[in-house]
Amino acid sequence: MRYVLILFLGCLLISVGINFFFVSYHLLDGGIIGVGLIAHYLWNVPVGMTIIVVSIPIYIFAWIYYRPFFFNSLAGVIVSSIMIDFFAAFIPETPILGPLASAVIGGLMLGVGAGIMFLLDISTGGFDLLAQMISAKTTWNVGVLIVGFDLAAVVAGIPVITFDEIILSTIAVIATGFATTVITAVGGVNAHPRPPLSV
């Protein structure tokens, strides 16, 4: 029951953060969600559907080398993707907050959502799953790894968004990484490196 509650709470925070704070100002998140947002801004395709499609190669890798993470994150990527696309129907016509506040609040919501799920080894797939697998074999904090992946996604989105939106997206990514790092550090995630699992 705890697993299900954390899964849904984390996915809810991520979905609301994206649809109610990011999309209104054409902001990007990092990682696989950032890729989904780039595709949405370019071709108006659903963010959640894009996340699932782009995550497939990483899931194949997880199936071969880290099956527990495969099973734990499978629910995360499916539920979060469905909820992201569901809440897209309720994006407000008028933004709830200003652009800077939206970047910070939205980023913190995504970071808290991802962070609490990481405490139970749940991820939303994509680069988060990749970060979990790297974190499990090293002493690197999963939140720090995600910041790196997230910033890379923002850089990839430079041709799609304006300079102001790049600055705001960078702030959002830092807020996300900060919240994820704090929660996973306090929760004891990756206090010790985990040994690799046999296939």
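**Group meeting talk: a walk through a helical model**

Let's start with one residue. Glu 165 has a relative accessibility of 16%, so it counts as buried, the cut-off being under 20%. Keep in mind that this is a predicted model.

Where is Glu 165? It sits in helix 8, which covers residues 163–186. Leaving out residues up to four places away, Glu 165 touches Tyr 25, His 26 and Leu 27. Here is another distance to check on screen. Glu 165 and Gly 31 are 134 residues apart along the chain, and their C-alpha atoms are separated by 17 Å.

Next, one of those partners. His 26 lies in the loop between helix 1 and helix 2. Is His 26 buried, partly exposed or exposed? Its relative accessibility is 25%, so His 26 counts as partly exposed. Now look at its backbone. Phi of His 26 is near 60°, which is positive, and His 26 is not a glycine. Most residues other than glycine have a negative phi.

There is another case like that. Asn 44 also has a positive phi, about 60°, without being a glycine. Find Asn 44 in the loop between helix 2 and helix 3. With a relative accessible area of 58%, Asn 44 is exposed, because exposed means over 50%.

Stay with loops for a moment. Leu 97 is in the loop between helix 4 and helix 5. At 33% relative accessibility, Leu 97 is partly exposed. What does Leu 97 touch, beyond four places in sequence? The answer is Phe 21, Tyr 25, Ser 102 and Ile 105.

Now the inside. In soluble globular proteins, nonpolar side chains tend to be buried together. Here, the largest nonpolar core has 44 residues. Which residues have the most contacts inside it? They are Ile 18, Ile 33, Leu 37 and Met 117. Several helices each give two or more residues to this core: helix 1 (2–22), helix 2 (31–43), helix 3, helix 4 (67–87), helix 5 (99–118), helix 6 (126–137) and helix 8. Helix 1 gives the most, with 10 residues.

Zoom in on Ile 18. Beyond four places in sequence, Ile 18 touches Val 23, Ile 33, Leu 37, Ile 84 and Leu 110. Two of those names, Ile 33 and Leu 37, were on the list of residues with the most contacts in the core.

A second core is separate and has six residues, including Phe 118, Val 142, Leu 145 and Ile 146. Take Leu 145. It is placed in helix 7, residues 142–156. Its relative accessibility is 12%, so Leu 145 counts as buried. Not counting residues up to four places away, Leu 145 touches Ala 131, Ile 134, Ser 135 and Trp 140. Ser 135 is 10 residues from Leu 145 along the chain, and their C-alpha atoms are separated by 7.8 Å.

Out to the surface. Seven side chains make a nonpolar patch there: Ile 56, Ile 60, Phe 61, Trp 63, Ile 64, Tyr 65 and Phe 71. Together they have about 680 Å² of accessible area. Which helix gives the largest share of the patch? Helix 3, residues 47–65, gives six residues. Phe 61 is one of the patch residues, and it is found in helix 3. Phe 61 has a relative accessible area of 39%, so it is partly exposed.

Last, how far should we trust all this? The chain averages a pLDDT of 85, and 94% of the residues score at least 70. Residues 191–199 are another matter. There, pLDDT stays under 50. The model has 17 contacts beyond four places in sequence for this stretch. Where pLDDT is low, the predicted coordinates should not be read in detail.

Notes. Residues numbered from 1 in each chain as written. Predicted model: local features only at pLDDT ≥ 70, side-chain atom pairs only at ≥ 80, totals over all residues. Heavy atoms only, no water. Patch = residues over 30% accessible without salt bridge, like charges linked within 9 Å, V, L, I, M, F, W, Y side chains within 5 Å. Areas by Shrake-Rupley, 256 points an atom, 1.4 Å probe, with all protein chains shown as cover. Salt bridge = Lys/Arg side-chain N within 4 Å of Asp/Glu carboxyl O. Helix = DSSP H or I, 4+ residues; strand = E, 2+ residues; numbered from the N terminus. Buried < 20%, exposed > 50% of the residue type's maximum accessible area, 1.4 Å probe, protein only. Contact = heavy atoms within 4.5 Å. pLDDT = per-residue confidence, 0-100. Core = buried A, V, L, I, M, F, W, Y, C linked by side-chain atoms within 4.5 Å.
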